[in-house]
Amino acid sequence: MRHEFVRPRLRSERALSLLGAAVASLTITSACSTMNSPPPELAARIREVGPVIDGRGMAALYKPLQESEPYAGIHVTRDLSYGPDPQNLADVFTPSDGGRGKARPVLIFVHGGGFTAGERRLGPDSPFYDNVGVWAVRHGFIGINMTYRRAPRAQWPAGPEDIGRAVDWVGRTIAGQGGNTQRIFILGHSAGATHVAGYVSHPQFHGKTKIKGAVIVSGSFEVTPNAGVAPEDATIVQHEKAYFGEDPALYSEQSSTAGLMSTPIPLLFVNAEYDPPFFRRHAAALRTAFQRVRRHDRFIVLAAENHMSEIFSVNTKDAGLSRAVEEFTRGLE
C-alpha cells in the first residue's frame, strides 16, 4: 500500500505555531545533568550558532574533548570490504585483549554528509567518527563504522542496499571477533539516519542477519515534493534530490514512513534542540503517524545540542546522545 504525505510549508504565523506545538510534544532530555549536556561554554556557542549545520565549527569545539589515536585498550582494523563497491568499506573497533566473557553486542554507525559527501573518518587527524567506534568499545560493544555509496553516482536505493550488505557481512564475520550476531544495532546520523530509515522500512533489503534495533538521529522520512520548497530548506532539499532524483512517481516508494509504522524492529528517534526545522518537522510528522497506529517508539530531543554537536559529542562528558543509545540498547536485552 502506498503512503501519501504532504509536507507543511512554513510560510505563515499559524503554520509556525502548529510546528511549535508539534515539536513541543517531543521529549526534551539531557538538560538536567552536567554529565549529559554540553559544557556551558560549548552550550553558549551552540545557542549562538543556532539551527544551522556547522560541521567545521562544531568539530573545532569538540576535537579537544576527544581521544587521539592510538586508543588505549582498543584495536582498530580499517578498510575492510563488506560489499562489491570501492565505497563499501568499514572500520572495526574491538578490545585489544580480544574481549573477555560473553560475546559483545555490535553497533554499526552510518555517517551523514548530505547524501553526496561524508566519510566514516573525516581525516587522518580527525577524531570523527572514530569517536563513535571508540565509545562503543568503551561501553561494551564492538563498534563498526561504515561508508556507503554516495550520490550523484549512486542514487536510491543505494543507501539501504549498502546497509543490508554491511549487516549481512557483520552477521557472517563478527562472531570471530567476539561479537554477538543476535544483538546487532544500527546508529545513523543525518543522511545516514535517512538511509537507516530506508533500510528498516523496506524489508526487501533485509538479508539473513537481523538487527535488534535502530537509532535514527536527525533523519528525514518523506521525499520532499518538487514544488513549494521553503527557502530555508533549499540547500538540504538540493542534496536530497541528488540522491532520490526528480521523479515524483517514485517518492512514495522511496519514503520510509509507511514501513517504519509497520516494522517489528524497535526504534529510537533523536533530534537536537537546534536542529534545522527541516529535521524537526520530519520527526514531528512521523511521531504523529506513529500515534495514529498506537506505535510507541521513543522520540527525544537533546537539549542544548545542534545537528553536528549531537554526534561529535559522543565519547565525551557531553553524553546526551550516547546515554540515549546506551539506555535504548540495554533496554532490549
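This is a predicted model: local features need pLDDT of at least 70, side-chain atom pairs count only at pLDDT 80 or more; totals for chains, interfaces and linings use all residues.
**Exercise 1. The nonpolar cores**

Find the residues with the most contacts inside the largest nonpolar core, then list what Leu260 touches beyond its sequence neighbours.

*Solution.* 
- Step 1. Start with the largest nonpolar core, which has 47 residues.
- Step 2. Pick out those with the most contacts inside this core: Ile144, Met146, Val200, Ile211, Leu260, Leu267 and Phe269.
- Step 3. Turn to Leu260 and set aside its neighbours within four places in sequence. Leu260 is then in contact with Ala197, Val200, Ser201, Phe221, Leu267, Phe269, Leu286, Phe290 and Arg295.
- Step 4. Look elsewhere for a second, separate core. That one has 31 residues, including Met58, Tyr62, Leu302 and Ile311.

**Exercise 2. The setting of Asp297**

Locate Asp297, decide whether it is buried or exposed, and trace its polar partners.

*Solution.* 
- Step 1. Asp297 sits in the loop between helix 10 (277-292) and strand 9 (298-306).
- Step 2. Check its accessibility. The relative accessible area of Asp297 is 15%. Buried means under 20%, so Asp297 is buried.
- Step 3. Follow the side chain to a backbone. A polar atom of the Asp297 side chain lies 2.9 Å from the backbone nitrogen of Leu267.
- Step 4. Follow it to another side chain. Asp297 and Arg295 are joined, side chain to side chain, by a polar contact of 2.3 Å.
- Step 5. Asp297 is in contact with Ile265, Pro266, Leu267, Phe269 and Phe290.

**Exercise 3. Rings around Tyr129**

Classify the ring pairs Phe109–Tyr129 and Tyr129–Phe312, and say which parts of the chain each one links.

*Solution.* 
- Step 1. Note the total: the count comes to 14 aromatic pairs.
- Step 2. Take Phe109 and Tyr129. Their ring centres are 5.3 Å apart and their planes stand at 50 degrees, so this pair is tilted.
- Step 3. Phe109 lies in strand 4 (residues 104-110), and Tyr129 in the loop between strand 4 and helix 4 (130-138), so the pair ties together parts 20 residues apart in sequence.
- Step 4. Take Tyr129 and Phe312. Here the centres are 5.9 Å apart and the planes at 35 degrees, so this pair is tilted.
- Step 5. Check burial. Phe109 is buried at 1% relative accessibility, Tyr129 is buried at 4%, and Phe312 is buried at 1%.
- Step 6. Assemble the group. Phe109, Phe128, Tyr129 and Phe312 make up one aromatic cluster.

Notes:
Residues are numbered from 1 along each chain as its sequence is written. Side-chain values use heavy atoms; hydrogens and water are left out. A nonpolar core is a set of buried Ala, Val, Leu, Ile, Met, Phe, Trp, Tyr and Cys residues joined through side-chain atoms within 4.5 Å. Buried means under 20% relative accessible area, exposed over 50%, partly exposed in between (1.4 Å probe, protein chains only). Contact means heavy atoms within 4.5 Å. Helices (H or I, at least four residues) and strands (E, at least two) are DSSP runs, numbered from the N terminus. A polar contact is a pair of N or O atoms within 3.5 Å; within protein, one must be able to donate a hydrogen and the other to accept it, and residues adjacent in sequence count only if both atoms are side-chain atoms. Rings of Phe, Tyr and Trp (its six-membered ring) pair if their centres lie within 6.5 Å; planes under 30 degrees apart count as stacked, over 60 as edge-to-face and the rest as tilted.
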